[in-house]
Amino acid sequence: MSAAQNQTIVEVCGVTRRFPGVLALDRIEVGFRAGEVHAVVGENGAGKSTLMNILAGDLQPDEGEIRVDGQAVRFASPLLSRAAGIVVVYQELALCPSMSVADNIMMSSMATRSVASLVPREAMRVETRQALTRLGMSDLDPDTRVGRLSVAEMQLVEIARAVRQKARLLMLDEPNSALSRRESERLFEVVRQLRAEGVTIIYVSHHLREVLDIADRITVMRDGRTIETIDNDDISETRLIRSMVGRDLGTVTPWALEAPALAEDVDPVLSVENLSCAGIDNISFVVRAGEILGVGGLPDSGKDMLGEALFGLCQRTGRIAVGGTELQPLDPLGSIRNGMTYVPADRRGAGGLLSMSVAENVVAASLPRFSLAGFLRRAGIRREARAQVARLDARISHLGQRLGTLSGGNQQKIILGRSLVTAPSILVLHEPTRGIDVGAKAEIYAILRGIAQEGVAVLMISSEIPELIGNAARVLVMRNGRISSELTGASVNEEAVLQGAMAS
Amino acid sequence: MADAVSTGARTRSMDRLSLGRLLRAREAGVFIALAVLCLFLTFATDGFLTSTNLLNVGRQISLLGVMAVGMTFVLIAGEVDLSVGSIYAFSGLSTGMLIIAGWALLPAIAVGVLAGMIIGMINGLLSTYGRLPSLIATLGMLSIVRGAALILTNGQPVTVNLRNGAQPEVLSSFSYMGQGYLFGVVPMQLVFFVIIAACAWVILSCTNFGFRIFAVGGSAKAARVSGISVNTMKIWAFVLMGALAALAGILSLAFLPSGQAGRTGLGLELDVIAATIVGGASLSGGEGTILGTILGVLIIGVMRNGLVLMGVSPFVQELMIGLVIIIAVGIDKWSRRRTA
């Protein structure tokens with residue numbers, strides 16, 4: 001590598017960024033050199049996305065600065081960072097699906113021309129074809145509507161647009177999460193091609209194998225800090241994972257060591273055989289009464305589809321039985337009748353009826369029990385709601401309070417209460433404590449353990465590793481739609497979960 | 001070598017004109033529906049396929065067409081404008097009152113059109129910087145502008161004639177705009193519609209302005225990161241809509257030549273939106289063409305004309321028009337899902 005190529009073009013110096021209650025970035029230090037592929041790795045919540053947003057001009061740092069070619073700069077908007085040659089390709093692509101490939105790639109040059117000028121269609125086509133050919137994508141027709149392309153092709157279109165805008169620093173956010181193996185290969189070709197032309201590529205990814213394949217240097221982030229930046233020669237996945245973990249788990253003690261021993265011969269409450277659906281590929285497992293089973297994995301591992309698939313919200317194949325009765329797909333009502341309840345991750349959207357009262361939310365899933373000839377039995381509803389609120393220790397002012405006005409933790413307690421009113425035998429939870437403060441989290445964990453001790457089987461799907469370790473006696477780790485490892489007892493620890501989720 | 005290149009280019013352009021390509025065009029579904037409708041009416045009625053009747057249809061659809069052209073811009077930009085019926089009344093009546101007050105033709109028309117543009121700009125500002133959904137903002141403006149028209153005219157009919165004070169030469173030019181015929185054959189309203197549609201087609205498909213309208217409605221995020229000002233483009237779409245609604249209102253008064261703030265253009269916004277949607281524009285933005293809109297307007301116009309010729313009762317006509325809207329848009333969505 002020549003000296004010019006080793007030059008640092010963009011430097012992040014002591015950048016700190018706070019969100020209410022969270023220190024998202026804590027004195028970040030990292031430099032990006034001309035013509036390198038620089039991977040950024042870290043667990044969920046390590047601060048990777050915040051760092052990207054700051055470089056892209058979507059967020060401003062609270063402290064510290066960004067230097068481009070040694071000069072301190074301030075990106076008040078994405079346009080300014082683009083003008084400095086920094087372009088982000090997000091997972092949610094910024095493309096216009098109703099327009100053609102050429103229109104999208106040339107859009108920024110149209111923005112600088114006179115509004116009254118004619119659209120130079122033929123010139124746009126020619127220039128687009130050049131931009132595509134340069135990246136080895138000459139088979140893409142500039143006239144195709146972007147909405148008809150595959151996700152992989154859309155990503156390549158967005159990269160081509162960035163390159164045409166003379167990007168010096170191209171950030172790819174989880175670029176391969178939606179790509180097939182062949183498409184990933186093609187993306188890597190493009191990345192190598194760009195590197196050869198002196199473009200710097202920041203590659204944010206969970207997939208360590210691919211990171212090790214393509215990166216020149218790797219920066220590891222953890223809890224909002226940059227832990228280290230290492231040259232990629234002869235590093236193993238295990239070495240990276242150790243660097244990513246190293247966390248002070250504090251008070252989190254693996255529950256697996258303390259959990260009351262379950263008799264092995266207890267009949268499973270939930271048994272899943274050969275379950276397949278979009279994102280999940282033929283998995284089987286059981287959950288026994290009184291057990292909290294944790295399910296972990298990366299965002300694209302298929303774990304996020306598991307809850308919906310089990311509950312019957314999406315099309316699936318395979319056999320799912322609760323207490324010996326088989327559940328039919330696309331029949332959530334049947335799932336409830338057979339004793340399964342589901343608490344989705346999206347509390348505001350899918351989970352709770354935010355504009356309705358606490359009492360109404362508590363009974364929402366068991367209305368037949370609380371109505372007589374179609375009329376609601378208000379007194380019975382209030383009695384049940386009061387009982388659940390007391391049991392879950394939810395802090396509300398009165399039973400008529402709207403759910404939406406409660407804090408996240410109390411909302412989640414009420415939603416748990418709604419599930420409990422149905423007297424479930426299996427409780428499926430997806431990200432049960434997302435966006436909830438630490439104190440309320442601990443309370444919810446205690447409630448869940450209490451529920452399990454009453455003999456309910458609990459399936460906890462979560463991205464937060466400490467949450468899994470702290471509550472589940474047994475943890476399934478998913479990768480690429482399959483169960484990559486099953487951890488029990490002393491083997492339930494953070495390193496093992498990450499190993500199962502990321503290593504190949 | 002040179003030969004090979006030119007053949008390559010030729011097959012490409014040939015492909016662009018091939019029948020298959022035409023059938024796959026966005027407007028194909030609407031066009032076929034229109035063709036079937038015309039064919040049916042040709043055989044089912046005596047008077048449909050005569051030049052008199054067709055020119056008559058052309059005149060009847062012109063005002064709706066002028067407004068639908070404006071609505072195409074608004075819908076492509078990802079917004080909707082419900083206040084067009086009120087603008088139509090307000091601007092038409094304003095111009096009429098000025099003519100009665102003895103103004104010359106052009107200043108009177110200019111004031112009417114300008115009023116429409118200002119109302120459009122208010123619609124645009126409310127829907128962008130005001131952060132109101134345009135459905136709500138323009139619903140409010142629908143009432144406000146209608147109310148303003150009632151206050152302006154004191155609820156009385158405005159009739160443009162000599163007795164009320166219009167200058168004779170101004171009145172004759174004004175009437176020619178609405179009632180006259182170019183070369184004694186083509187209704188002037190149709191001439192206006194054709195000119196406006198042609199200009200709009202050029203603007204929308206060939207100029208940077210049109211490109212930006214599509215970009216803004218297709219993905220505001222993509223437009224923003226490319227440096228296109230989303231708010232500015234949306235406001236311009238509303239201003240254009242306001243101008244065209246005003247012009248249609250003025251032409252309508254020139255044709256009738258009387259209007260009343262409580263009745264003129266009442267509910268017209270729904271006809272305009274319906275015609276535009278039948279023509280393939282999408283309420284979610286980013287989709288739509290002028291050709292499609294013209295076809296949409298024609299379908300509704302031909303349908304109405306045919307039902308009259310067949311002697312169908314006006315009540316049943318209303319019902320049939322509703323069915324056409326649902327069926328036409330339904331077929332369009334269904335066929336698009338299949339090809340997507």
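User: Is Val456(A) buried or exposed?
Analyst: Val456(A) is buried in this predicted model. There are 24 other C-beta atoms within 10 Å, and the cut-off for buried is 20 or more.

User: Where is Val456(A) found?
Analyst: Val456(A) lies in the loop of chain A between α18 (438–453) and β20.

User: And what does Val456(A) touch, not counting residues up to four places away in sequence?
Analyst: Pro424(A), Ser425(A), Ile426(A), Leu427(A) and Ile451(A).

User: How far apart are Val456(A) and Leu476(A)?
Analyst: In sequence, 20 residues; in space, 19 Å from C-alpha to C-alpha.

User: Back to β20 of chain A. What sheet is β20 in?
Analyst: An open sheet of six strands in chain A, with the order β16-β19-β20-β13-β21-β22 and mixed pairing.

User: Which strands stand at the edges?
Analyst: β16 (340–343) and β22 (482–488) of chain A. Each has a single partner strand, so one side of each has no neighbour in the sheet.

User: How many degrees are neighbouring strands of this sheet turned against each other?
Analyst: On average 20 degrees, with direction ignored.

User: How many bridges join β13 to β20 in chain A?
Analyst: Four, between β13 (residues 292–297) and β20 (residues 457–461) of chain A, and these two strands run parallel. In that pair, Ile292(A) is opposite Val458(A) of β20(A).

User: Changing topic: what are the domains of chain A?
Analyst: The domain assignment gives two entries, domain 1 (3–245) and domain 2 (255–502). Their centres, taken over C-alpha atoms, are separated by 37 Å.

User: How many residues does the contact take from each domain of chain A?
Analyst: Ten residues from domain 1 of chain A and eleven residues from domain 2 of chain A.

User: Which helix gives the most to the domain 1 side?
Analyst: Helix α10 (residues 237–245) of chain A, with four residues. The side of domain 1 of chain A that touches domain 2 of chain A is made up of four nonpolar, four polar and two charged residues.

User: Now chain B. At what angle do α4 and α14 pack?
Analyst: About 145 degrees, for helix α4 (residues 51–76) and helix α14 (residues 290–309) of chain B, and their axes are 9 Å apart.

User: Is the crossing of α4(B) and α14(B) left-handed or right-handed?
Analyst: The crossing is right-handed.

User: Which residues of α4(B) meet α14(B)?
Analyst: From α4(B), Val57(B), Gln60(B), Ile61(B), Leu64(B), Gly65(B), Ala68(B), Val69(B) and Thr72(B). Their counterparts in α14(B) include Ile290(B), Gly296(B), Leu298(B) and Asn305(B).

User: How do the residues of that contact divide?
Analyst: Between α4(B) and α14(B) there are ten nonpolar, seven polar and no charged residues.

Notes
Residues are numbered from 1 along each chain as its sequence is written. Chains are lettered from A and ligands numbered from 1 in the order in which they are written. This is a predicted model: local features need pLDDT of at least 70, side-chain atom pairs count only at pLDDT 80 or more; totals for chains, interfaces and linings use all residues. Domain bounds come from an automatic or database domain assignment. Two residues are in contact if their C-beta atoms, placed from the backbone, lie within 7 Å. Ala, Val, Leu, Ile, Met, Phe, Trp, Tyr, Cys and Pro count as nonpolar, Asp, Glu, Lys and Arg as charged, and the others, Gly among them, as polar. Two strands pair if DSSP finds at least two bridges between them. Axes are lines fitted to C-alpha atoms, for helices over the stretch in contact, and angles run from 0 to 180 degrees between N-to-C directions. A crossing is left-handed if the near helix is turned anticlockwise from the far one by less than a right angle, and right-handed if clockwise. A residue is buried if 20 or more other C-beta atoms lie within 10 Å of its own, exposed if 12 or fewer, and partly exposed in between; C-beta atoms are placed from the backbone.
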